Amino acid sequence: MSSQLPEHNEASLPPQEIIDLFKRTFDDELYGDEEEGLEALQVQIQEVKSHLYDRDYLGAFDNDSKRVAYCCRWSPARALGYAALFAHFEPVVDVLTCAEKEDQSVLCIGGGAGAELVAIASIFTPSRPFVSKYAKKAESESDNETTESLNVHLVDIADWESVTTRLLENIEKHWLYSNEFDSFKVKPEHKDILTMDSQALSLSKLNLITLLFTTNELFKENKAGSIRFLQQLNKNCSKGCLLLIVESAGSYSHITVGTKKFPLQFLIDTILCGKRGQENEGDWEVIAQADSSWYRCGGRLDYPIKLENMRVFYRLYRKKT
Ligand SMILES: C[S@@+](CC[C@H](N)C(=O)[O-])C[C@H]1O[C@@H](n2cnc3c(N)ncnc32)[C@H](O)[C@@H]1O
């Protein structure tokens, strides 16, 4: 049985606002003339699609036109789905809105393509008292004196810098404006997550880690490195840290360990939570999960490329110690 996420959760900006952010950012590519506009973009999208079909993930993102094409084609629908998913989990909303009135830090692994960034910004923005257009009514004058920041570290093996920069310019211009943009501290980093150490990732300071549509890729690239990386999370993340893993429902690859073949999710659960029957011994607990959850994009959204519905598998873990 599949569950369904609401099309819009009030903790985030409305879906059309999220889509408009992409329309504004990629105006030239989506609405430009014949040579530079949608037709040219569709050619690039086909090329990226064939790399993705061959599971050649590195080849899919190896130049700027392909990265922009990926972002225009896949990230808007993903951003809608991620905004709905993040908003569905109260502890995640608490992190993204700095509800505890303290700085919060998020690490998005494989988060260069913009969907996580825009989804996070779509939840952070309405929580800011100075963004009067969106702010929920402040209860008192003192509520306006927020100084806490949201730190967002986007680590990706592909170089998404120009895409991120363009999205951030528009997040500042249309959502957060200059007075609140300073508290949305985004650090894009072009690196292989599996080669970074716990200090470079500030693992002990993180409040939320996202691994969205990226786990299969990591394990395909480097199985032993991916296992070691999850073990680093066990060792270095602090109590209360959240870890959200999302993949396309039913797409989790199988993995061979010794002579046995497992669905990848079993291996991940075992590393994070402990062996079956001994889950209490693991470092993390599962606080929300679904094998199949739909996010359906509303039919009335205005975007020149089809926005695909998403059926996802998710697990939200919380560090116990
Ligand atoms: C299928 S895309 C998903 C993008 C995005 N998370 C989303 O959901 O739309 C996988 C992303 O993971 C990145 N990636 C793959 N291997 C990586 C690694 N070893 N370290 C960091 N990023 C990696 C890719 O460059 C790509 O941006």
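Contact here means heavy atoms within 4.5 Å. Helices are DSSP runs of H or I with at least four residues, strands are runs of E with at least two, and both are numbered from the N terminus. The model is predicted, so local features need pLDDT of at least 70 and side-chain atom pairs count only at pLDDT 80 or more, while totals for chains, interfaces and linings use all residues. Residues are numbered from 1 along each chain as its sequence is written, and side-chain values use heavy atoms, with hydrogens and water left out.

First, the packing. On the H1 side, Glu17, Ile18, Leu21, Phe22, Arg24 and Thr25 meet Arg166, Leu167, Asn170, Ile171, His174 and Trp175 of H8. Those contact residues divide into six nonpolar, three polar and three charged; Ala, Val, Leu, Ile, Met, Phe, Trp, Tyr, Cys and Pro count as nonpolar, Asp, Glu, Lys and Arg as charged, and the others, Gly among them, as polar.

How are H1 and H8 oriented to each other? H1 covers residues 15-25 and H8 residues 161-181; they pack at about 125 degrees, with axes 9 Å apart. Axes are lines fitted to C-alpha atoms, for helices over the stretch in contact, and angles run from 0 to 180 degrees between N-to-C directions. The two helices are therefore oblique (under 35 degrees is roughly parallel, over 145 roughly antiparallel, 65 to 115 roughly perpendicular, the rest oblique).

Next, the rings. A search of the whole structure finds eight aromatic pairs. Rings of Phe, Tyr and Trp (its six-membered ring) pair if their centres lie within 6.5 Å; planes under 30 degrees apart are stacked, over 60 edge-to-face, the rest tilted. One of the pairs is phenylalanine 61 with tryptophan 160, tilted, at 5.2 Å centre to centre and 55 degrees between the planes. Phenylalanine 61 sits in the loop between H4 and H5, and tryptophan 160 in the loop between E3 and H8, so the pair ties together parts 99 residues apart in sequence. Phenylalanine 61 is buried at 12% relative accessible area, and tryptophan 160 is buried at 4% (buried is under 20%, exposed over 50%, partly exposed in between, with a 1.4 Å probe and protein chains only). Phe61 and Trp160 form one aromatic cluster with Tyr70 and Trp74.

Last, the backbone. Arginine 55 is not a glycine but has a positive phi of about 55 degrees; it is in the loop between H3 and H4. Tyrosine 177, in helix H8, also has a positive phi of about 55 degrees.
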